[in-house]
Amino acid sequence: MRQTVAESASVSAREITIEPVTRIEGHARIGLRLDESGNVVEARVHIMSMRGFEKFIEGRAAEEVPGIVTRICGICPWQHHLASNKAVDGCFGSEVPPAGRLLRELTQVLAHISDKVLHFFFLAGPDFFVDSHQCAAGNIMKIAAQAPELAKRVIEMRYRGQMMLEKFAGRSIHPDAIVPGGFSKPMSRPEREQLHADALDQLDFARFALDFAKERVFSRFDAGLMQLGEINTGFLGMVNPEDGGLELSDGILRLMRPDGTFHEFLGREYTDFIGEHVEPWSYAKFPYARAWGEGFSMLLDDPRGIYRTNCLARINVADFIRTPLAQAELLEFRSLFGRPAQSTMLYHWARLIELLYACEKVVELLDNPAITDQHVRNDVVPKAGRGVGCVEAPRGTLIHDYSTDENGFITRANLIVGTTHNLAPINMSVNRVARDLIKNGEVTGEALNRIEMAVRAYDP
Amino acid sequence: MPDIYPGFEPRILAFTCNWCSYAAADLAGTARVQYPASLRIIRVMCSVMVHPSLVIEAFERGADGVLVMGCHPGECYYQDGNQKAKARSVAIEEVLAIMGIEPERYRLVWCSSAEAEGFACLVRETDEALRVIGPSKYRKDASKYSKSELIQCL
Amino acid sequence: MSLTLCSEALSGCSGCEMSLLNAGGSSLSLLDRFDILHMPILMDHKYFDSSGGTQEIDIPKAGLGLISGGVRNEQQLRIAEKMRRQCDTIVAFGTCAAYGGIPAMMNLFEDEDLFRRYYRTAEGTDAAPNPLQVIPPFLERTFALDEKIAVDFILPGCPPHPDVITSALESILEGKSPQLSLLSVCDSCPAKREGKGSAQRIRRFVKNARYQPDKPISEMRCLLDQGLLCMGPVTLAGCAGMNGGPPRCIEARVPCRGCHGPVRKGGNQILDILNGLVSNGIDTKNLPDRLSLLRFSGAHGRIKRRSAPKAD
């Protein structure tokens, strides 16, 4: 079994390839180049594949697109589903009735829960839970062997989250219940009661997860981990337009500089604030903050236009969190790490704070009696238009930008998916870790795994 | 008139309904009415029995042309089978367009049991049309046939 | 009984792997019965060691190879071929592997059109030439797995239902062939059918279906009868799992779009649905965007390139 565990090459290798980057979603290769002295001169994260969604949705009937673009990602399909529907609503000028809005937000935020549980325990977690000398051989099966009760509970909770979506909306993976103009079916009172009971269990679990993590994982974040892949960047996330509170579903976008100052803009203005740069060695593009007027650079000693998204970014840009338990956690977090917090490993902490928020928010939405109102969709009339739909996906700000012709068919589309915003920062973090841990040709399995840990923190 | 695709002999598959068009083909045989030898006939009870996927499969396997032949409207042995076959043609034509198969290659035609000459005429017309457009690109040996240089110069 | 397992994901979305995890507690006990040697989403086996060579992809020998996603680029082809050489049994896991899936919609367009759009004309993008370094070049189109390697079983679905996945894997563990349904989605759909011919034309899904919200689906009129395009008749059953539940999209009161692929291997979903519609006297002329009917089964040459995309 070939693994990168405890492999040490004392002869300086010219190139080192880590592929596939494991325990992430998607296909990536990390390429490191060492010079004659065995020191890292180049570190790149190559995104190795592309499917072309923004091209092949051209010519499609716009109301069909939300059921197609879910297949961009099997872990976060609800995010694409909602953003796409919002874009189509923009094109068609449709208004969503209140119950439709509530159901949309409910399902989208509920989807955040399973995603975060998956990431912390199944994907990134193994790096923290298994014995440290086996750090490169961690996986959920080993956790199950070493801590069976924990594994059982985690799997059960993730399963419950998925089943909440499935029982109400038919499907958890690749949904079709959100539709232009609203939602495909109303929620009944029995459904609401059952979901409410499930949601309270999820909330319990989120509190457990955060306490567990603080005790067993974050308390062991030594200086090495806190500085792992440390870079100084700006942040992008969605906030409430009135009070700057954290938002995942509907809001405006806030683009913060490393010094804490920020721009705010509506989704449809995104091209004025975000540009995308192409590198010849990656299929995916590199978004950057055009609004800062400094161009784009990923050089560690001269970063330009670099910002991050995803949970650390969101809790940095938000002024506060509206739900009480998560807000208390946020205050504690800020007292320890300030605002904005830059350490890459803190993504894991931020992720669990957001998990708590998502669970509280789901309970709050289910507490709202209007959610069982039967009018959930307004009829829509296909027409020419342009719409930009934004949501906060677990991986970052998701933007679906469509135009339609007079028959309501897509004429052009532009998509920026959540993870893409983080590609430049991921490259920089990898560069940082590689240079810090690989010197004079000494390449250990632990160093290689730490490089991947820096990637995994972003949950790409 | 020189051959546009020298050496090319169109392979035509005809689904003929038992009561009308197959009888016509039979009659053409006994009456010694000439029609192109490249025709292969499959007898079905009614033109409606020809599922569109059979037509598509024929093309995928390299037929240059496919004919579905039924009774004249109003004369179907099973009342309205031929009308349904006509409706199904819509589906066939759509999919052929997606496959990039020229519309001249597929025809749904009517022919009564007495029309031996009519049958032969339909087949000859199809054969001539196919000689003009050449072999189907799905045909395995399609690359063997190219437009004659004389025609290319015209 | 235990079996060694390698799993790869090619041009897909990880949804199939997520569906496997959606079996809840059974997922873990099932995974436990395999000795997993390679599965990038869950564990850390790598293609290359750190000495630098990237010529030969390392995938260990195994009894079972699960491959999700279609084949889009040269690296994915190499991975598929290596998996075939190393694994005794290959399962095409999910609709992308079995039939091309959604990514095969790209077969309608030229790759250069995609690159021009993505790298040069997309809003906000700083125009640049196509990336060419290190990343694997595209093949001429997206392929289903069995167009490139021999496949022993297919497990269609986008994604397949967790119970169907676990049942298939259990069969394989017992040395038996997985059994798929032989029927269409309609077979598992309880909606009311009142004979054919009531719908004259298909309407776009811009208005919800007609149903009583507090009544079960068995009281809802069949969506095709209501004039909504439902691909149920031409799609393989299985999305409802093994316990007799209704098709999942119908549960959401949304028409089926055919994500399990054709009812039989080699079936043509667009041909079958058009045939079904016209045979029932439904005017298909106002069907918007017919090519979307092949959105899950566009490999095997079904979706072909056009020179310019039309809004049809």
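Predicted model: local features only at pLDDT ≥ 70, side-chain atom pairs only at ≥ 80, totals over all residues.
Residues are numbered from 1 along each chain as its sequence is written, and chains are lettered from A and ligands numbered from 1 in the order in which they are written.

How do the chains pair up overall? Of the 2 pairs of chains in contact, chains A and C share the most contacts. Chains B and C also touch, with 13 residues from chain B and 10 residues from chain C. On the chain B side of this contact, α2 and α3 of chain B are the elements that give two or more residues. The largest share, 9 residues, comes from α3(B). That side of chain B divides into 8 nonpolar, 2 polar and 3 charged residues. Chains A and B, by contrast, are joined by no contact, and their closest C-alpha atoms lie 15 Å apart.

Now look inside chain A, and follow α7(A) to a neighbouring helix. Two packed helices are described by the angle between their axes and the distance between the axes. The axes of α7(A) and helix α8 (residues 189–216) of chain A come within 10 Å and cross at roughly 160 degrees. Axes are lines fitted to C-alpha atoms, for helices over the stretch in contact, and angles run from 0 to 180 degrees between N-to-C directions. The helices α7(A) and α8(A) are therefore roughly antiparallel to each other; angles under 35 degrees count as roughly parallel, over 145 as roughly antiparallel, 65 to 115 as roughly perpendicular and the rest as oblique. From α7(A), the contact is made by A:M157, A:R160, A:G161, A:M164 and A:F168, and from α8(A) by A:E191, A:L195, A:D198, A:D201, A:Q202 and A:F205. Together these residues divide into 5 nonpolar, 2 polar and 4 charged.

Chain A is divided into domain 1 (1–49 + 430–460) and domain 2 (95–230 + 343–379), with bounds that come from an automatic or database domain assignment. Their centres, taken over C-alpha atoms, are separated by 30 Å. The contact takes 19 residues from domain 1 of chain A and 14 residues from domain 2 of chain A. On the domain 1 side, α14 (423–437) and α15 (445–457) of chain A each supply at least two residues, and the largest share, 9 residues, comes from α15(A).

Chain C is also divided, into domain 1 (3–104 + 134–173) and domain 2 (182–304). The C-alpha centres of these domains of chain C lie 29 Å apart. Their contact takes 20 residues from domain 1 of chain C and 16 residues from domain 2 of chain C.

Finally, chain B has 5 helices and 4 strands, following the pattern β-α-β-α-β-α-β-α-α along the sequence. Within chain B, helix α2 (residues 52–60) and helix α3 (residues 81–99) pack at an angle of about 30 degrees, with their axes 9 Å apart. That makes α2(B) roughly parallel to α3(B). In this contact, B:P52, B:V55, B:I56 and B:F59 of α2(B) meet B:R88, B:A91, B:I92, B:V95 and B:M99 of α3(B). The residues there divide into 8 nonpolar, no polar and 1 charged.

Technical notes: Contact = placed C-beta atoms within 7 Å. Nonpolar A, V, L, I, M, F, W, Y, C, P; charged D, E, K, R; others polar.
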